[in-house]
Amino acid sequence: MTNARSRRRVVPGSRSGQEPYELVAPATMAGLQKWRALPEEQRRRQEQSWSTRMQTCIAWAEEHGVRLGRTGGHPDWLLGKTVRRNYDSLPSWLDHPLYWVKDRRPAAITASLYGYEHREDEVHGWVAGKPGIGLATGPGWYHDGTVQIVLWNRDVLGEAVTAADAGPNALRWLAHRP
């Protein structure tokens, strides 16, 4: 999806400049003064990393025909249950969640987890009791060292859902921070 003014593609369901925290441009995240103070090469690497992650997220959303949802909260949302967005009640394994809809129906939740190996049993335990929910994992695109998980409603998206993979090159700049 392209924003006509800037010609910059945006994640389906968001507006340019109103991306979720996980997809905010590095200059916005750092603040303009701090951003300008960074060496040019570091700014270039961070911008390239952000661009790759953004393009990956857009491609994933378009491939699966989903848009960012305005609602969400607890993973039970995927089951069509009405839940209030209360960050204190979220499972500890649902870190940096994005909620996706298709045809106004809960379709998927993507999340980037630090320390997935310590939370894997909890994630699989939640999914085990829900036969209509699928789970996919892959390299995290939010930050280096995270694991991307996708929980999805099989009645809405079918069986073949993958995790968005920005690849290790998208996050390489993190290793070069001063």
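**Salt bridges in a predicted model**

This structure holds three salt bridges, a salt bridge being a side-chain nitrogen of Lys or Arg within 4 Å of a carboxyl oxygen of Asp or Glu. The model is predicted, so local features need pLDDT of at least 70 and side-chain atom pairs count only at pLDDT 80 or more, while totals for chains, interfaces and linings use all residues. Residues are numbered from 1 along each chain as its sequence is written, and side-chain values use heavy atoms, with hydrogens and water left out.

Helices here are DSSP runs of H or I with at least four residues, numbered from the N terminus.

Glu 41 has another partner, Arg 45, and their closest N and O atoms are 3.6 Å apart. This pair also lies in helix H3, at a spacing of four residues, again about one turn. Together, Glu 41, Arg 44 and Arg 45 are linked in a network of salt bridges.

How exposed is Arg 44? Arg 44 is partly exposed, at a relative accessible area of 43%, and Glu 41 is partly exposed too, at 39%. On this scale buried means under 20% relative accessible area, exposed means over 50%, and partly exposed is in between, using a 1.4 Å probe and protein chains only.

Now move along to Arg 154, which forms a salt bridge with Glu 159; their closest N and O atoms are 3.0 Å apart. Here Arg 154 is partly exposed at 29% relative accessibility, whereas Glu 159 is exposed at 57%.

Methods: Helices (H or I, at least four residues) and strands (E, at least two) are DSSP runs, numbered from the N terminus.
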